[in-house]
Amino acid sequence: MKLQRNMGSLDQGFRILMGIALIYIGPFSDIITNDTLSSILLVSVATMIIISSLIGWCPFYYLAGLSSYRAKSDNS
């Protein structure tokens, strides 16, 4: 299975910000929950979100056949 980019730069930026917010909300804040297991789950999900945005490939987009990536074309 070849990993082909399926995330655009705006999508990647949004996911990185969302991942950072979830990492803060998980263990450092009682906004959602003060349960340790829930904090670990939030940090795990946030880590997966950040990793997928850094590599530019989302497994859920792949399964659904979606893509927000637009290849740059040479119009020279």
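**Exercise 1.** Which residues make the nonpolar surface patch of about 410 Å²?

Solution. The model is predicted, with local features needing pLDDT of at least 70 and side-chain atom pairs counting only at pLDDT 80 or more, while totals for chains, interfaces and linings use all residues. Residues are numbered from 1 along each chain as its sequence is written, and side-chain values use heavy atoms, with hydrogens and water left out.

Step 1: apply the patch rule, which takes residues with over 30% relative accessible area and no salt bridge, and joins nonpolar side chains (Val, Leu, Ile, Met, Phe, Trp, Tyr) within 5 Å and like charges within 9 Å. Areas come from the Shrake-Rupley method with a 1.4 Å probe, and for residues only the protein chains shown count as cover.

Step 2: the patch consists of Leu3, Ile51, Leu54 and Ile55.

Step 3: A helix here is a DSSP run of H or I with at least four residues, numbered from the N terminus.

**Exercise 2.** Find the salt bridge and describe its partners.

Solution. Step 1: look for a side-chain nitrogen of Lys or Arg within 4 Å of a carboxyl oxygen of Asp or Glu.

Step 1: the partners are aspartate 11 and arginine 15, whose closest N and O atoms are 3.1 Å apart.

Step 2: both lie in helix α1, 4 residues apart, about one turn of the helix. Aspartate 11 and arginine 15 are both buried.

**Exercise 3.** How are α1 and α2 oriented?

Solution. Step 1: their axes, lines fitted to C-alpha atoms over the stretch in contact, come within 8 Å and cross at roughly 160°.

Step 1: α1 is therefore roughly antiparallel to α2, a term for angles over 145 degrees.

Notes
Helices (H or I, at least four residues) and strands (E, at least two) are DSSP runs, numbered from the N terminus. Buried means under 20% relative accessible area, exposed over 50%, partly exposed in between (1.4 Å probe, protein chains only). Axes are lines fitted to C-alpha atoms, for helices over the stretch in contact, and angles run from 0 to 180 degrees between N-to-C directions. Angles under 35 degrees count as roughly parallel, over 145 as roughly antiparallel, 65 to 115 as roughly perpendicular and the rest as oblique.
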